[in-house]
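This report describes how two protein chains meet and how individual residues are placed within them. Please examine the structure below before reading on.

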2 protein chains.
Amino acid sequence: LLIFVGLGLDSSLSSQAIKALEECDEVFYEDYTSPPAVPNAEERISSQISGKPVRKVDRDFVESGSGILKVAASGHAALLSPGDPMIATTHEELRTRASRQGIATKILHGASILSALPGELGLHSYNFGRCVTVTSGPLQHTAYNTVYANLLQGLHSALLLEWDSSRKFFLSPRTAIDSLLASEKDIQYGVFGQETLVLAASRIGRGDSAIQAAKLDEFQRLELGDPPHVLVIPGRFHLTEREALGALTNKEPGWFPDNSSMVRRLSATMVDRYTKKTEAALERAREAAKKKGVRFADVFENVEAYAKDSVRFMAEGKEELAVLSIGYAEGLLDSLRFAGLLEFEW
Amino acid sequence: LLIFVGLGLDSSLSSQAIKALEECDEVFYEDYTSPPAVPNAEERISSQISGKPVRKVDRDFVESGSGILKVAASGHAALLSPGDPMIATTHEELRTRASRQGIATKILHGASILSALPGELGLHSYNFGRCVTVTSGPLQHTAYNTVYANLLQGLHSALLLEWDSSRKFFLSPRTAIDSLLASEKDIQYGVFGQETLVLAASRIGRGDSAIQAAKLDEFQRLELGDPPHVLVIPGRFHLTEREALGALTNKEPGWFPDNSSMVRRLSATMVDRYTKKTEAALERAREAAKKKGVRFADVFENVEAYAKDSVRFMAEGKEELAVLSIGYAEGLLDSLRFAGLLEFEW
């Protein structure tokens with residue numbers, strides 16, 4: 001039997017976990033998937049399970065897995081992890097290998113930062129989109145695009161920050177934001193700017209936990225204290241979210257900007273730009289026709305109608321129809337030039 | 001002080017929670033946000049905290065909140081909840097009210113089905129999109145649209161099922177799927193059909209937990225056992241997800257269909273339909289021009305080129321440009337009719 005045990009956010013074992021661990025032949029413990037919640041975690045855990053030794057293992061040991069599977073094949077082995085034990089891909093893979101070898105597995109779940117985070121910030125968990133980890137690379141396009149996709153849907157994004165246990169390295173929130181700003185320079189969807197609201201949740205589950213909210217320029221000067229930190233780029237707030245976040249950060253509920261309103265769909269930008277362009281070109285085409293003494297009333301009326309439709313469709317959220325309509329209007333007008341019937345500038 | 005304590009998935013208290021609860025003046029317990037993990041939960045919890053009484057309260061009591069806040073204002077009150085205590089909106093609102101009244105609050109997080117679910121199914125938590133609750137209404141458009149939006153991004157969707165503690169009512173997975181099929185009939189994005197892969201996680205955190213995977217038609221005939229159940233509509237799998245899910249459900253990793261490949265963006269459907277229509281109309285327009293003895297070579301060439309561009313843009317994932325291009329091609333061609341230059345059928 002191989003039992004995966006989550007230590008939650010405070011490295012505190014439940015009575016059920018204590019019972020299971022006391023029956024184990026060997027207890028392994030890793031802290032490479034997230035930092036330990038308390039100093040000397042092995043000793044503290046050991047003291048909760050009648051002094052049974054707790055063996056700290058590193059990523060290579062878990063990835064190889066043979067040391068753990070050997071114990072589990074003939075007896076009971078446990079692997080302890082901070083948070084929820086199954087959030088890490090390496091653990092999932094170890095469980096798959098155990099299943100394939102006919103070793104029974106069991107999971108004692110622990111509280112995870114992913115489920116604790118919304119509540120800590122006063123936000124609703126069903127308003128979060130996909131979560132993503134920011135790593136220490138200078139450009140963070142994956143994280144950037146994840147936040148963008150979430151904001152387009154009005155959703156909040158949880159940004160986990162890289163943790164390297166071998167170097168005791170935590171990616172700082174400031175560096176993470178800097179690399180997202182570098183991605184902004186490159187991609188330019190308008191996701192990150194001086195007005196972007198950033199939330200930080202620090203040391204969640206510990207006695208000195210804190211949450212902070214600031215616009216990006218101010219955020220980069222905030223003192224956040226010791227790691228671990230998690231960032232949230234919120235999307236559109238529900239009224240009760242504003243109230244909760246306001247109460248928790250001592251700000252007025254109305255203060256919090258809506259990051260979602262700052263990003264625009266490509267289709268919205270297109271419709272905006274091309275309806276203006278088409279209407280201006282239509283004006284010139286009408287003048288050119290007048291000058292030339294020709295009439296294309298049906299064409300012109302349709303150009304005008306479809307440009308108007310495009311704006312209306314966009315306002316109704318029918319973005320595909322909006323783009324189709326403005327493309328059609330442009331085509332109608334341009335055909336007169338291609339057919340050699342009229343000369344006018346776009 | 002008001003302490004929110006999460007009982008996790010097995011109603012088992014951590015040593016830290018036990019210590020905190022033993023210091024409380026009154027301990028409240030609710031099971032309306034999710035069903036209790038064990039029978040007689042109050043008694044079991046009470047026995048873990050030196051026999052201190054545990055008072056079961058209902059939704060109205062928590063929503064009103066005054067009974068809890070009164071104790072918290074002058075002493076220590078605790079509110080126990082299954083899972084994580086802050087997933088519920090009512091609890092978040094109670095915390096906001098406490099903060100406003102100057103009452104300190106503290107959260108002892110518990111394992112939540114939301115963070116436990118990915119690991120139980122061998123899926124990666126960062127491949128999940130927004131989660132949603134399916135209620136007992138006959139149409140479930142919100143859930144339907146959430147799954148659709150997630151599938152378009154290749155993401156998995158967790159579907160929580162309605163639980164009404166006052167009636168001890170669990171929405172059954174079968175009824176939930178039926179109502180999603182009813183929404184499919186109405187909306188027709190192709191999200192739910194006989195080939196849709198559905199995953200069920202039942203009784204997670206308990207001794208008799210189970211996970212099952214089946215295509216929708218087979219799924220509706222599966223015996224899932226006692227509640228609680230959670231459903232997942234998976235999107236695109238990572239290789240390691242296929243392997244883990246296969247090992248856990250005794251299926252070949254290659255068996256699992258990709259639900260994401262079955263849904264199409266509206267833009268893809270548009271480009272597909274309109275390029276075919278435009279190419280056919282172009283053919284007829286060319287014949288009509290030949291018969292009439294007129295030439296619109298520039299127009300025709302551009303119609304052809306922009307229709308081709310549209311298909312290429314779509315293949316490159318540039319959906320807005322693809323729709324714009326096919327709209328433009330249609331407009332170019334149609335203008336000849338509006339200008340009275342050529343008669344042909346669309």
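## A buried aspartate

At 7% relative accessibility, A:D334 counts as buried, a term that means under 20% relative accessible area, while exposed means over 50% (1.4 Å probe, protein chains only). A:D334 lies in helix α13 of chain A; helices (H or I, at least four residues) and strands (E, at least two) are DSSP runs, numbered from the N terminus. Apart from its neighbours within four places in sequence, A:D334 is in contact (heavy atoms within 4.5 Å) with A:W346, B:Y328 and B:L332.

## Basis of the model

This is a predicted model, in which local features need pLDDT of at least 70, side-chain atom pairs count only at pLDDT 80 or more, and totals for chains, interfaces and linings use all residues. Residues are numbered from 1 along each chain as its sequence is written, chains are lettered from A and ligands numbered from 1 in the order in which they are written, and side-chain values use heavy atoms, with hydrogens and water left out.

## The interface

The contact takes 72 residues from chain A and 73 residues from chain B. Together the two chains bury about 5,700 Å², of which 59% is on carbon and sulfur atoms; this buried area is the accessible area (1.4 Å probe) that two parts lose on being put together, summed over both. A:R130, A:L324 and A:F338 supply 11% of the area that chain A buries against chain B, more than any other three residues.

Across the interface, the rule finds 27 residue pairs in polar contact (both at pLDDT 80 or more). Such a contact is a pair of N or O atoms within 3.5 Å; within protein, one must be able to donate a hydrogen and the other to accept it, and residues adjacent in sequence count only if both atoms are side-chain atoms. Elements that give two or more residues to the side of chain A that touches chain B include α1 (15-22), α12 (297-315) and α13 (319-338) of chain A. With 14 residues, α13(A) gives the most to that side.

## Symmetry of the two copies

A rotation of 180 degrees with 0.1 Å of shift along its axis superposes chain A on chain B, with an RMSD of 0.3 Å. The same surface serves both copies, since 100% of the contact residues of chain A recur in chain B.

Note on methods. Copies are superposed by least squares on the C-alpha atoms of residues with pLDDT of at least 70 in both.
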